[in-house]
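Trainee: Could you walk me through how to read a few features of a structure like this one? I would like the general idea before the particular case.

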Amino acid sequence: MSIDVRDLSFAYGKRQVLRQVSFRTRPGQLVAVLGPNGAGKSTLFRCILGFLPRYRGEIALCGHDLRSLDRRSLARLAAYIPQSSAPVYNYTVRDTVLMGADPFHGPGPSQQETADRVLETLGIRDLADRGINEISGGERQLALIARAMAQQAKILLMDEPTASLDYGNQFRLLRQVRQLADSGYTVLLSTHNPEHAFRFATDVLVLREGGVRAFGPAAETLTEELLREIYRIPLTVADIPVPGGSVKGCVYDT
Ligand SMILES: Nc1ncnc2c1ncn2[C@@H]1O[C@H](COP(=O)(O)OP(=O)(O)OP(=O)(O)O)[C@@H](O)[C@H]1O
């Protein structure tokens with residue numbers, strides 16, 4: 001369930017976007033990927049998902065060189081969860097999940113079972129017969145996670161999954177994602193919100209101008225200095241009391 005990226009560089013034509021990116025994840029890690037707009041987060045995800053094969057360096061998923069994997073094998077290892085947006089076709093939630101269960105053949109009884117099980121796990125079984133365009137953004141995001149889980153991939157890549165969610169749904173979603181990581185999934189999740197990283201990530205990968213600026217445990221790595229540097233604003237990182245302890249949070253200094 002590991003992702004091993006070594007000296008990854010990528011250019012769109014002459015525009016160099018990723019520069020010698022190296023990092024390695026373990027199962028159970030929820031890695032928040034942070035960095036300013038244009039730092040290369042989405043490009044990194046697209047490389048790992050095999051959408052941009054003209055990269056330099058090495059990417060291995062669960063020990064398999066990405067270049068040696070066909071689409072089907074790759075789909076069994078890694079799943080992509082895009083930002084929540086209304087799809088063109090109004091499939092039911094169950095059918096959406098079944099597309100993950102076996103994207104290459106029609107679903108059989110065992111796929112139906114898998115779909116129902118993951119919907120149950122995520123607490124959205126009662127949405128199964130609703131149209132994917134007829135549920136809220138937060139519910140749709142959970143349905144997309146259910147589809148990725150049905151794909152049986154243990155590596156999940158999530159591109160700003162909370163971008164269109166209300167404050168409560170952001171945390172409900174991230175709690176679910178953290179539970180998946182705790183049960184052995186490896187999650188790479190891009191976010192522009194340091195609070196999400198402090199509260200839910202085990203580790204952070206900070207990209208700046210296409211290179212790795214920092215990689216390590218969230219609380220130690222996301223220092224005030226680093227956050228000020230990457231977001232170019234004055235801010236303060238503080239311990240915020242929560243029931244049973246404290247978490248780090250950051251506020252903009254006026
Ligand atoms: N298809 C493309 N062709 C050319 N340049 C691109 C393409 N896609 C992205 N870029 C450029 O690559 C750089 C990195 O973009 P990318 O989307 O990976 O950044 P990001 O960190 O995900 O940004 P954001 O936080 O704004 O989503 C940017 O300068 C962007 O303009």
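Mentor: Let's begin with helix packing: each axis is a line fitted to C-alpha atoms over the stretch in contact, and the angle between N-to-C directions runs from 0 to 180 degrees. Keep in mind that this is a predicted model. Here, α4 (residues 109-121) and α5 (residues 137-150) pack with their axes 9 Å apart, at an angle of about 135°.

Trainee: Which residues make the contact between α4 and α5?

Mentor: On the α4 side they are T114, A115, V118 and L119, and on the α5 side A146, M149 and A150. Sorted by class, the contact of α4 with α5 has 6 nonpolar residues, 1 polar and no charged ones.

Trainee: What is the angle between the axes of α3 and α4?

Mentor: Those axes cross at roughly 120° and come within 9 Å. The crossing of α3 and α4 is right-handed. From α3, the residues R94, V97, L98 and A101 meet Q111, T114, A115, V118 and L119 of α4. This contact of α3 with α4 divides into 6 nonpolar, 2 polar and 1 charged residues.

Trainee: Is α3 largely enclosed or open, and why?

Mentor: For burial, count C-beta neighbours: a residue is buried if 20 or more other C-beta atoms lie within 10 Å of its own. In helix α3 (residues 93-101), 7 of the 9 residues are buried, so the helix is largely enclosed by the rest of the structure. The buried ones are V93, R94, T96, V97, L98, G100 and A101. Among what covers them are α4 and α5.

Trainee: How many residues of α1 are buried?

Mentor: In α1, 6 of the 8 residues are buried, and the helix is mostly covered. The buried residues are K41, T43, L44, F45, C47 and I48. After α1 comes G50, with a positive phi near 80°.

Trainee: Where is E160, and what is its phi?

Mentor: E160 sits in the loop between β7 (155-159) and α6 (167-182). Its phi is positive, about 40°, although E160 is not a glycine. Because E160 has 17 C-beta neighbours inside 10 Å, this residue counts as partly exposed. C62 is partly exposed as well, with 17 other C-beta atoms within 10 Å.

Trainee: Is V251 buried or exposed?

Mentor: The other end of the burial scale applies: 12 or fewer neighbours count as exposed. V251 has 11 other C-beta atoms within 10 Å, so this residue is exposed. V251 lies in strand β12. Leaving aside neighbours within four places in sequence, V251 is in contact with L235 and T236. The C-alpha atoms of V251 and V237 are 6.7 Å apart, while the two residues are 14 residues apart along the chain.

Trainee: Which residues does V247 touch?

Mentor: Not counting residues up to four places away in sequence, V247 touches F198, R199, I240 and V242. V247 is in strand β12 (residues 245-252). With 15 other C-beta atoms within 10 Å, V247 is partly exposed. Its C-alpha atom is separated by 30 Å from that of V118, 129 residues away along the chain.

How values were computed:
Residues are numbered from 1 along each chain as its sequence is written. This is a predicted model: local features need pLDDT of at least 70, side-chain atom pairs count only at pLDDT 80 or more; totals for chains, interfaces and linings use all residues. Helices (H or I, at least four residues) and strands (E, at least two) are DSSP runs, numbered from the N terminus. Two residues are in contact if their C-beta atoms, placed from the backbone, lie within 7 Å. Ala, Val, Leu, Ile, Met, Phe, Trp, Tyr, Cys and Pro count as nonpolar, Asp, Glu, Lys and Arg as charged, and the others, Gly among them, as polar. A crossing is left-handed if the near helix is turned anticlockwise from the far one by less than a right angle, and right-handed if clockwise.
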